[in-house]
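Colleague: I am new to reading protein models, and I would like to go through one slowly with you, feature by feature.

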Amino acid sequence: MNVETSYSGTTAVATVSGRVDSANAKDFDQALRAIIDKGVSGLVVDCSGLRYMSSAGLRVLLIAIRKTNAAGGGLALCQVPDHIREVLEVSGFVRLTKVFDTAADAQASFAG
Amino acid sequence: MEVRNELHLALDGDEPRRVAEMFEEMAVEQDVPVDIVFKFQLALDELLTNVVSYAFDQDTSDAAIKVTLEMKDERIVAVIEDNGRPFNPLLDAPDPDLDLSAEDRTIGGLGIHLTKAFVDTLSYERTEGWNRLSLVQPLTAHSEENA
């Protein structure tokens, strides 16, 4: 798993790639916490390179959703591969976070 | 198509990934549809993560976990066995409330919830000190559903 981040004011786009499971969910958690701790309230997670994610990854997203909500922003996802989208749907996460086609659309959702 | 692999696992948090990736390799070689490869490996990962995390107490010297993966007769069969404490994830895991807000949601039970949604038939039995979980996935499910 790898996370690359680009910052723009109080929003950021974190592009996660590879595999997120119980063996490395802690690293994913630390990466997102570090971004939010820099003062980011609108966090976009770009899933274009995400090959696999289990419930351990959902747990990390839930924590990041809570933290960004509390900061007055939120978390949005973009470029979600079909099989990951199904994980989000079955787990009810599509009700907790918005899913956009592009990172630009997701980032724009925090502008207002 | 007929392949069978038996794997013995150490009590280690990295083991579910090893099994999931081994399954993926095996299934791709057998031309299993990618959608089923993903869902079945997620189920294996979730169930094995439960076993390595919760099935055993501190004294793990006698701990044994084994997985049998079999692909034949147009179906995938996996059997997960462990000699840990009795636990039936199909009944004993809490059902997650998917309608709660992010603030009120708990993550418990989500792995089992996904597993139940993603695998056709799951069964559990406890015999002579062993938990035995079976996962069965026909490879023709989609065509049957559409018929």
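Predicted model: local features only at pLDDT ≥ 70, side-chain atom pairs only at ≥ 80, totals over all residues.

Modeller: Residues are numbered from 1 along each chain as its sequence is written, chains are lettered from A and ligands numbered from 1 in the order in which they are written, and side-chain values use heavy atoms, with hydrogens and water left out.

Colleague: In which strand is Thr15(A) placed, and why does Thr15(A) count as partly exposed?

Modeller: Helices (H or I, at least four residues) and strands (E, at least two) are DSSP runs, numbered from the N terminus, and Thr15(A) lies in strand S2 of chain A, residues 11-20. Buried means under 20% relative accessible area and exposed over 50%, with partly exposed in between (1.4 Å probe, protein chains only); Thr15(A) counts as partly exposed because its relative accessibility is 28%.

Colleague: Which residues touch the most other members of the largest nonpolar core?

Modeller: In soluble globular proteins, nonpolar side chains tend to be buried together. A nonpolar core is a set of buried Ala, Val, Leu, Ile, Met, Phe, Trp, Tyr and Cys residues joined through side-chain atoms within 4.5 Å. Here the largest has 40 residues, and Leu32(A), Leu43(A), Leu58(A), Leu61(A) and Phe93(A) touch the most other members. H2(A) gives the most to this core, with 7 residues, and a second, separate core of 33 residues includes Ala27(B), Leu47(B), Phe56(B) and Val119(B).

Colleague: How much area is buried between chain A and chain B?

Modeller: The size of an interface is often given as the accessible area lost when the parts come together. Buried area is the accessible area (1.4 Å probe) that two parts lose on being put together, summed over both, and between chain A and chain B it is about 2,300 Å², of which carbon and sulfur atoms give 53%. In chain A, Arg19(A), Tyr52(A) and Val90(A) lose the most area to chain B, together 23% of what that side buries.

Colleague: How many salt bridges does the rule find across this interface?

Modeller: A salt bridge is a side-chain nitrogen of Lys or Arg within 4 Å of a carboxyl oxygen of Asp or Glu, and the rule finds 6 across the interface of chain A and chain B. Lys39(B) forms a salt bridge with Glu86(A), where the closest N and O atoms are 2.8 Å apart.
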